[in-house]
Amino acid sequence: MTHLASVHRASEQLHVTFSDGEREAFHHLWLRDNCPCDRCRDPAAGERLLDTIELPADLSPTEVAVDEGLVLDWPDGHRSVLPAGWLWEHSQAGYRAAGRREQLVLWNAATIATDPPHISLEEIDADEVGLRRMLRMIRDRGFAIVHDVPTRPDAVIELAERIAFVQESNFGRSFEVVSKPDPNNLAYTSHRLYSHTDVPNRHSAVNLQLLHCLENTARGGESILVDGFAAARRLEAADADAFDLLRTVEVPWRFRDADTEIHNRFPVIRTDARGELVEIRLNTGIMAPLDASPELVGPFYAALRRFGRILRDPELEHHFRMEPGQCQVFDNQRVLHARAGFDPSSGRRHLQGCYVDKDDALGRLRTLERALAGREQLPA
Ligand SMILES: [Fe+2]
C-alpha cells in the first residue's frame, strides 16, 4: 500500500514525498484536472466532466493536506482527494516503472529458439490465464504459435474471436492462402515471399494476423518470422543515416485489383515523438513508384538495401515449418513474415488467415490483467 509522508508547495507545483521516501512533483493544473470526484468525472462512464479548457492558468490550491491521499481545496470551494496509490502510478517515476514492465522483448533466431512463444488451444480455452499468456507473447515478442487448432475451415475465425473481433478487409472476412490461378496477390502463388508486412497500403493497417495451417504436404514453403524492431535497432546502430531516411521518406504503398484501389504514403520505419519504434511497413511487392526527388532515390534504395539485408540475415530469421493445426498469430506492425517457394505439384499447402485489430487485442489483454489482478478500477 502506498502512503504519503508529506507535501510542500513549490511555485506552480506540489512536491510530494511518498512513505518509501520517493519524491515526485505534480503541477497544480494537472492535479485539478485529474480530480476523481463524481462532479469532475462521471462515475459510471469514468470520463471527465470537468472543463479542462477553461481551467484558470494560474490555478493554485488554497489548502493542501495529506490524509488517505492528497487533499486539496481550491479557490472555488471544490475539494479534490487524490489517492496515494493513484498518484504514484501516474507520477513520472510510476510511468517509468510501467514502461519498464511493458518493455518489448527484442529477439533473434537464437534467443527465440530458447523459449519459443508456443501455446496450445487447450490452454487458451482452459481459462483466462491461458488467453492472457498468449496475448502477453504477442505484446512482448510480437507473435505466438498456437497448436492443436482443429484443421477445419473457419477454426481460425473462432480463434480470432477469442481475442477480439475479426477485422474484415478487401480480402474478405478471412482469406485462403493457396496457390491459385489468376491471383490478385503474391501470397496466392507458389513464389518465394521475402520478409514483408501485409497491407502497408492501409492507413489503419490491420495489425494482428492469424495464419492457420489446414494442410501442408507440398515440398518447400517453410515459414519465417523476423522481429522487425530488432532489425530496425540493428540498422540504427550500424547506419544512423539509413535509419533516419527510412523513418522520414514516405513510400507510396498501393494495392489495386479489379474491385479496389487502396493507397497511402508511410515511411518504412515509424517512430513516435520519443523515438520509440511504432511500426514497420515493408512490402516491395506493392511499393508504388517512389515520388521522392531523384537525389533522394539513391540514398533511399541504399538504406532499403541495408535494412532488407539485415532482415534476411539468418541470425534474425526464425525458421519453422507450419504443420496442420498450427496457427501463427503475429503483430503485423512489428514482425515480418516470409515463406520459401514451394512446389505445388508435390502436394497441397493451404493456410486460412484473418485479421484482428491490435487495439482490440491489447485492450482485451489489459482488461484480463485488470480482472486477474483483481485490482480496483481507478481513473485512467
Ligand atoms: Fe503476407
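Two strands are taken to pair if DSSP finds at least two bridges between them. Helices (H or I, at least four residues) and strands (E, at least two) are DSSP runs, numbered from the N terminus. The structure is a predicted model, in which local features need pLDDT of at least 70 and side-chain atom pairs count only at pLDDT 80 or more, while totals for chains, interfaces and linings use all residues. Residues are numbered from 1 along each chain as its sequence is written.

The protein is divided into domain 1 (4-102) and domain 2 (109-368), with bounds that come from an automatic or database domain assignment. The C-alpha centres of domain 1 and domain 2 are 42 Å apart.

Strands of a sheet pair through backbone hydrogen bonds, either parallel or antiparallel. An open sheet of 3 strands, paired in the antiparallel sense, has the order β1-β2-β3. Its edges are formed by β1 (4-10) and β3 (23-27), each of which has a single partner strand, so one side of each is left without a neighbour in the sheet. From one strand to the next, the twist averages 25°; for this and the other angles, axes are lines fitted to C-alpha atoms, for helices over the stretch in contact, and angles run from 0 to 180 degrees between N-to-C directions. The antiparallel pairing of β1 with strand β2 (residues 13-18) extends over 6 bridges, and Ala10 has Gln13 in β2 as its bridge partner.

A further antiparallel pair consists of strand β5 (residues 69-73) and strand β6 (residues 79-83), with 5 bridges. Within this pair, Gly69 has Pro83 of β6 as its bridge partner. The hairpin of β5 and β6 has 5 residues between the strands, and Gly77 takes a positive phi near 90° in this hairpin.

An open sheet of 4 strands with antiparallel pairing has the order β11-β21-β14-β19. At its edges stand β11 (193-196) and β19 (318-320), each with a single partner strand, so one side of each is left without a neighbour in the sheet. On average, neighbouring strands of this sheet are turned by 15° against each other, direction ignored. β11 is joined to strand β21 (residues 335-339) by 2 bridges, and the two strands run antiparallel. Leu193 has Arg339 as its bridge partner in β21. Helix α8 (residues 228-238) packs on the sheet and touches β14 (223-227) and β21, its direction making about 50° with that of β14. Contact between two residues requires that their C-beta atoms, placed from the backbone, lie within 7 Å.

Two packed helices are described by the angle between their axes and the distance between the axes. Helix α8 packs against helix α10 (residues 294-311) at an angle of about 130°, with the axes 9 Å apart. That makes α8 oblique to α10, given that angles under 35 degrees count as roughly parallel, over 145 as roughly antiparallel, 65 to 115 as roughly perpendicular and the rest as oblique. The crossing of α8 and α10 is right-handed; a crossing is left-handed if the near helix is turned anticlockwise from the far one by less than a right angle, and right-handed if clockwise. On the α8 side, Ala231, Arg234 and Leu235 meet Arg306, Phe307, Ile310 and Leu311 of α10. The residues of this contact of α8 with α10 comprise 5 nonpolar, no polar and 2 charged, where Ala, Val, Leu, Ile, Met, Phe, Trp, Tyr, Cys and Pro count as nonpolar, Asp, Glu, Lys and Arg as charged, and the others, Gly among them, as polar.

Helix α8 also crosses helix α9 (residues 240-248) at roughly 130°, and the axes come within 5 Å. That makes α8 oblique to α9. Ala232, Leu235 and Glu236 of α8 make this contact with Ala240, Ala242 and Phe243 of α9. The residues in the contact of α8 with α9 divide into 5 nonpolar, no polar and 1 charged.

Strand β15 (residues 251-256) is joined by 6 bridges to strand β16 (residues 261-266), and the two run antiparallel. Val251 stands opposite Phe266 in β16. β15 and β16 form a hairpin, with 4 residues between them.

Helix α6 (residues 128-141) packs with helix α11 (residues 358-373) at an angle of about 130°, and their axes are 10 Å apart. α6 and α11 are therefore oblique to each other, and their crossing is left-handed. The residues of α6 in this contact include Leu131 and Leu135, and those of α11 include Leu365 and Leu368. The residues of the contact of α6 with α11 divide into 9 nonpolar, no polar and 6 charged.
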